[in-house]
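Welcome, and please open your viewer.

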Amino acid sequence: MANIKNPETKTKAQSMGMHTEVLTGRTQQKFFNPDEAENFYYFGTYDVDFNKRTDLDVKDMTAPEANKEIDNLMSQGYGTIVIKNPQGKHSLGVGILNKLNLIFEGSLGYFGMGSCDGPTVRINGRVGWSCAENLMAGKVVIGKNAGSCFGAAVRGGDLICKGSVGARTGIDMKGGTIIVGGDAGAFTGFMMQRGRIIILGDVGINLGDSMYDGTIFIGGKIGSYGSDAVDAELTKNDQDWLKRKLKVAEIGENFDVSKMKKIVAGKKLWNYDNLEPHEKKGAI
Amino acid sequence: MAKKKTKAKSKVKKEKKLKLGTFKETAREKLIGQHIGYRYDVNLLPDYKKITPFLKKYIEAMGWDDLNWLEDIHMGYEEDRPAVFCRNANGWVTIPKSIKLPDNQQDRDMIARELLVKFQMSPKHPLVDLKKAYLKF
């Protein structure tokens, strides 16, 4: 491995105290075993083949029945499943912890594709509230518009909406990337803690309100900034990453990313423990 | 008779609190007057030129176009040793001393991603035992 060093001088991270800060009792400590094999999938998940394709008509099924059938098809090795007639049913495609190509020919109701970890999903219609809530990994692409709380509490993966989205997009998100080709409503990035939001169009009022950390990139007009959301400099690395990400998202490939605005947390609300006494004082 | 005050000697080591002025602060920390206790730069975007062959194979196997969820993974520290946070086990996975790390955060992050995938996909991962014990359906 090139460029290996064992520096004796203090690095920037060491001088900032990042090496020695004690958070005892808050996390478990595990040790990595260098003999671990090269596995790409979670232990116990299904071995599916993307070239093995099937259709599933869910017109006369309830959401739990449809979800169980998707699981059953994966257990038979189907790696590409096309769902016909979803007809706006709620909670479809939830809890998939497998690699999978899932295509919905139609629209979904609320909480579609929630708590997934791994699949690549294409929805050719619209989606209701809280689409891909708590997504851990994978890619979800929505062809038309999405409702409120799009990508609520996302922890990882890419969530893409080619149309416009409602209010509170990326509320409480803790990782991952949300990309919107159109406009976004009020309170976009509300209480976000980590991750990235890219909006190519306009956003409503209170953008990034009470955001703890993370980054928001906006291509259009901003209604107003929320509490503790501040502008930041758009770096060359940001622009390269944005170009790459938009290409992956299959939207805005010719969009001029150099004119985008970058918004981050001012971190005045960063430490809630320190703020609490002041808030209590104010309340009394 | 006045009661004698007895102080129980605490054997538990007090947590080391970092005060401003005792370490090198960032401009943001100076402005807000408190330490930001992250163990890595959470907003650092990955440099795809540094991607490892293992990660390329992983992306291809999953059918993705980029690092996907691994974009949020960075090499941090646990008790002064390099470590990566496993969100599934809710703990820091410490990297053994035998694994030499480069002196570049982007390279270190790529290695952290590779090691974390191997750790999470292992049959010895802590969640495998939990799944066996508590799986309902």
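Helices (H or I, at least four residues) and strands (E, at least two) are DSSP runs, numbered from the N terminus. With that in hand, start by selecting chain B, where there are four helices and three strands. Follow the sequence and the pattern reads α-α-β-β-β-α-α.

Two notes before moving on. This is a predicted model: local features need pLDDT of at least 70, side-chain atom pairs count only at pLDDT 80 or more, and totals for chains, interfaces and linings use all residues. Residues are numbered from 1 along each chain as its sequence is written, while chains are lettered from A and ligands numbered from 1 in the order in which they are written.

**Stop 1: chain B as a whole**

Colour chain B by burial. A residue is buried if 20 or more other C-beta atoms lie within 10 Å of its own, exposed if 12 or fewer, and partly exposed in between, with C-beta atoms placed from the backbone. Of the 137 residues of chain B, 29% count as buried. Contacts come next: two residues are in contact if their C-beta atoms, placed from the backbone, lie within 7 Å. In chain B, 55% of the contacts with a separation of 6 or more are between residues 24 or more positions apart.

**Stop 2: helix 3 of chain B**

Select residues 105–120 of chain B, which form helix 3. Its 16 residues reach 22 Å from the first C-alpha to the last, close to the 22 Å expected at 1.5 Å a residue; the expected span is 1.5 Å times one less than the number of residues. Is helix 3 of chain B mostly covered or mostly open? Mostly covered, with 12 of its 16 residues buried. Among the buried ones are Ile111(B), Leu115(B) and Phe119(B). The buried residues of this helix pack against helix 2, strand 2 (81–86) and strand 3 (91–94) of chain B.

**Stop 3**

Axes are lines fitted to C-alpha atoms, for helices over the stretch in contact, and angles run from 0 to 180 degrees between N-to-C directions.

To see the contact, show Phe54(B), Leu55(B) and Tyr58(B) from helix 2 of chain B, along with Met110(B), Arg113(B), Glu114(B) and Val117(B) from helix 3 of chain B.

**Stop 4: chain A and Ala146(A)**

Switch to chain A, which has four helices and 12 strands. Buried residues make up 43% of its 284 residues.

Centre on Ala146(A), in the loop between strand 6 (137–142) and strand 7 (158–161) of chain A. Ala146(A) is buried, with 31 other C-beta atoms within 10 Å. Leaving aside neighbours within four places in sequence, Ala146(A) is in contact with residues including Cys131(A), Cys161(A) and Val165(A).

**Stop 5: two positive phi values**

Select Asn134(A), in the loop between strand 5 (117–123) and strand 6 of chain A. Its phi is near 65 degrees, a positive value in a residue other than glycine.

Finish at Phe187(A), in the loop between strand 8 (174–180) and strand 9 (194–199) of chain A. Phi of Phe187(A) is near 55 degrees, and this residue is buried, with 25 other C-beta atoms within 10 Å.
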